[in-house]
Amino acid sequence: MASSTSLFFLCPLAIHFLVLTAQSQPEMLYKACLPDKGNYAIKSTYQANLKQLLTSIYTNTEINNGFYNFSYGQDPDVVKSIALCRPDITPQACRDCIKNASDSLLVLCPTSKEAIGGLDDCMVRYSYRDIFRLNEGRRLFFFVHSNDRMKNVSESKISGFNQSRMTLLDSLRDRAAAGDSRYKFDYNQTLDPNFQTIYALVQCTPDLTESECRDCLHFASGLIPECCEFNTGGRVINPSCNFRYETDRFYSPENMPSAPSPPPPGKSLVVIIVIVTVAVSTIVAICVFIFLRARNKKKEFKRTEAMNKKEGFNGIDAESLQFDFGTVRTATNDFSEENKLGQGGFGAVYKGELPNGQHIAVKRLSKESKQGQLEFKNEVLLVAKLQHKNLVRLLGFCLERKERLLIYEFVPNSSLDHFIFDPIKRTHLDWERRYKIIVGIARGLLYLHEDSRLRIIHRDLKASNVLLDEEMNPKISDFGMARLFEVDQTQEETSRIVGTFGYMAPEYIHHGRFSVKSDVFSFGVLVLEIASGQKSSGAGIGEEEEDLLTYSWKNWNEGTALNLIDPTMRVAPRSEMMRSIHIGLLCVQEHEANRPTMAQVFTLLGGYSITLPVPSKPAFFMQSALRTEASLSTNERSNEDVQQSRNEVSTSELYPR
């Protein structure tokens, strides 16, 4: 009886102890077991190596920067692991977090050869394959705070918050990417137009290069609309980088590590020797390069191509992008007229279907390009690196004798001009959709001008070069085409005009001078077209049959700007439409110095608290002036240049779909 009584009292204590033990093991914030990567057997060498590797990480007291990339064992049982902690936690807290995450992963993914998971302050991943120094964004984790969802908040306030958040994340991205091999992170705070503080922290694994870190964070932040567009707090985590933002401060600035200290004075001699050695080596390399170039130009091209492969393009090389000509010809039904989508200034575009069922758009470039095959391949590699949700994705290319083909993703809803200039289809575009298209085009141009690895000036932005996906999101096509078609067209001035009258800036038509402000001018024309439903170079508008810019400017000055609004949009926020027209007029000002940059345009579109400057007279103020200016510019050139200009100014529409 006494024994039974003792057991009766001991049972609650045992249960209480088990509950405390369970609670002491933190719950994983996120995890992914990857059985498709393979499984290991219980009590196998791989399992023993994995446990030994994880233990060696969280027991290591020599590393105090919160980043570990260790491997253990020999093939075929080698295991590689990466662990990353938030920069503001102590080394001991980091090791404790890694231990808890490692222990949980071993329990939750008992036989997976590859897994990733983390707690609030750390991330752990392991694999049998090489995961070091790789920008891997394939597996993503989203976190939002449902209680922080912006409810009963005006559109303008939400837009102001979103713009402030993106501006903050963009600035942190560049500073984090510029970190060293110990730390790649940054944090800061900002006030949105409604004086709400936004705190943010971004971080990459320090083994990434500067460009890889920037690309990783850029891709992650581009996914905000999919996860947390209307939330005041959220985070995106992928294996190589992460970011988080909140309206409450979630990090400790006082615990953040300081910048790396400079080398001690005793190493100055070593630095001098290194500098001299590098300088001498550089001079020798230049001499060798000049000698080889003079001896055999083809070798130079091969070396350039090899460098492009070696230096990353994050795994992209010519072989991975090159399509078989026979496959493309079959996909397009031998480039049949039935598959032809349109004819553009650079060539015809065809719809195709690959054997796996994927639909593609194939641009068959005209055969007048002066580029060699290696130059063409290198330019394709550069353009293929331009990845943004508002750009049509280049899938690859094909070279077959004189044939040059570019293969793009197929965008099903045709181009913007098929909607805004069609009296029936335009009724499907209310102002909310049109404004979304305007903002999307601005995002895409901003990426081309400032956020991509190389600055791309489009030079032929127009309604027919803006494609619409299934959800009517805009995608800019033909970016980089001027660069792909002619190497010297990336210079600041050219005698070969590539563009469409009605969208081209005056300095480009008159002097062949182009810059990012040329694209801004084209964007302004597009904004006015989207708002009005009128073509910039079509039939005259109103009783005096004025061109779009003249008609817009006159109505703006006379206080009758509502006359510009497409009458099919019966219900729409007038203030937002008027502001968009105002921004459009700022973009089409005659003097390029007065036009805003796309970064400023993007800020103005979202910043309703910002007072807009008064626009000055647009270029080509009168319809007759447009004809006069265009004829004068062509007469100033030689007959040969005029012929070239006429051949290359695009007056057609359809581009890749």
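This note sets out points on the predicted model shown above, for a reader new to the structure.

1. Overall content. The protein chain has 657 residues, and 51% of them count as buried. Its secondary structure comprises 21 helices and 17 strands. The accessible surface comes to about 32,000 Å², and carbon and sulfur atoms account for 53% of that area.

2. Contacts along the chain. Considering contacts between residues at least 6 apart in sequence, 70% of them join residues at least 24 apart.

3. Helices H2 and H3. Helix H2 spans residues 45-58 and helix H3 spans residues 91-108; their axes come within 8 Å and cross at roughly 165 degrees. Angles over 145 degrees count as roughly antiparallel, and H2 and H3 are therefore roughly antiparallel to each other. On the H2 side, the contact is made by Leu 50, Lys 51, Leu 54, Ile 57 and Tyr 58. H3 contributes Arg 95, Ile 98, Lys 99, Ser 102, Asp 103 and Leu 106. The crossing of this pair, H2 and H3, is left-handed.

4. Helices H4 and H5. The axes of H4 (residues 155-177) and H5 (residues 210-221) come within 8 Å, with a crossing angle of roughly 160 degrees. That angle makes H4 roughly antiparallel to H5. The crossing of H4 and H5 is right-handed, whereas that of H2 and H3 is left-handed. From H4, the residues involved are Met 166, Arg 173, Asp 174, Ala 176 and Ala 177. In H5 they meet Glu 210, Cys 213, Arg 214, Leu 217, His 218 and Ser 221.

5. Helix H17. This helix covers residues 548-557 and is mostly covered, with 7 of its 10 residues buried. The buried residues are Leu 548, Leu 549, Thr 550, Tyr 551, Ser 552, Trp 553 and Asn 555. At the start of H17, a side-chain oxygen of Asp 547 reaches to within 3.1 Å of the backbone nitrogen of Leu 549. Just after the helix, Gly 559 adopts a positive phi of about 75 degrees.

6. Is Gln 74 buried or exposed? Gln 74 has a relative accessible area of 63%, and the cut-off for exposed is over 50%, so Gln 74 is exposed. Pro 76 lies in the loop between S2 and S3 as well. The peptide bond joining Asp 75 and Pro 76 is cis, with omega at about 5 degrees.

7. Backbone at Arg 133 and Met 472. Arg 133 is not a glycine, yet its phi is positive at about 55 degrees. Arg 133 is situated in the loop between strand S5 (122-127) and strand S6 (141-144). Met 472, although not a glycine, has a positive phi of about 65 degrees. Its place is the loop between strand S16 (466-468) and strand S17 (474-476). The relative accessible area of Met 472 is 10%; buried means under 20%, and Met 472 is therefore buried.

Terms used: Residues are numbered from 1 along each chain as its sequence is written. This is a predicted model: local features need pLDDT of at least 70, side-chain atom pairs count only at pLDDT 80 or more; totals for chains, interfaces and linings use all residues. Side-chain values use heavy atoms; hydrogens and water are left out. Helices (H or I, at least four residues) and strands (E, at least two) are DSSP runs, numbered from the N terminus. Buried means under 20% relative accessible area, exposed over 50%, partly exposed in between (1.4 Å probe, protein chains only). Contact means heavy atoms within 4.5 Å. Accessible areas come from the Shrake-Rupley method with a 1.4 Å probe; for residues, only the protein chains shown count as cover. A polar contact is a pair of N or O atoms within 3.5 Å; within protein, one must be able to donate a hydrogen and the other to accept it, and residues adjacent in sequence count only if both atoms are side-chain atoms. Axes are lines fitted to C-alpha atoms, for helices over the stretch in contact, and angles run from 0 to 180 degrees between N-to-C directions. Angles under 35 degrees count as roughly parallel, over 145 as roughly antiparallel, 65 to 115 as roughly perpendicular and the rest as oblique. A crossing is left-handed if the near helix is turned anticlockwise from the far one by less than a right angle, and right-handed if clockwise.
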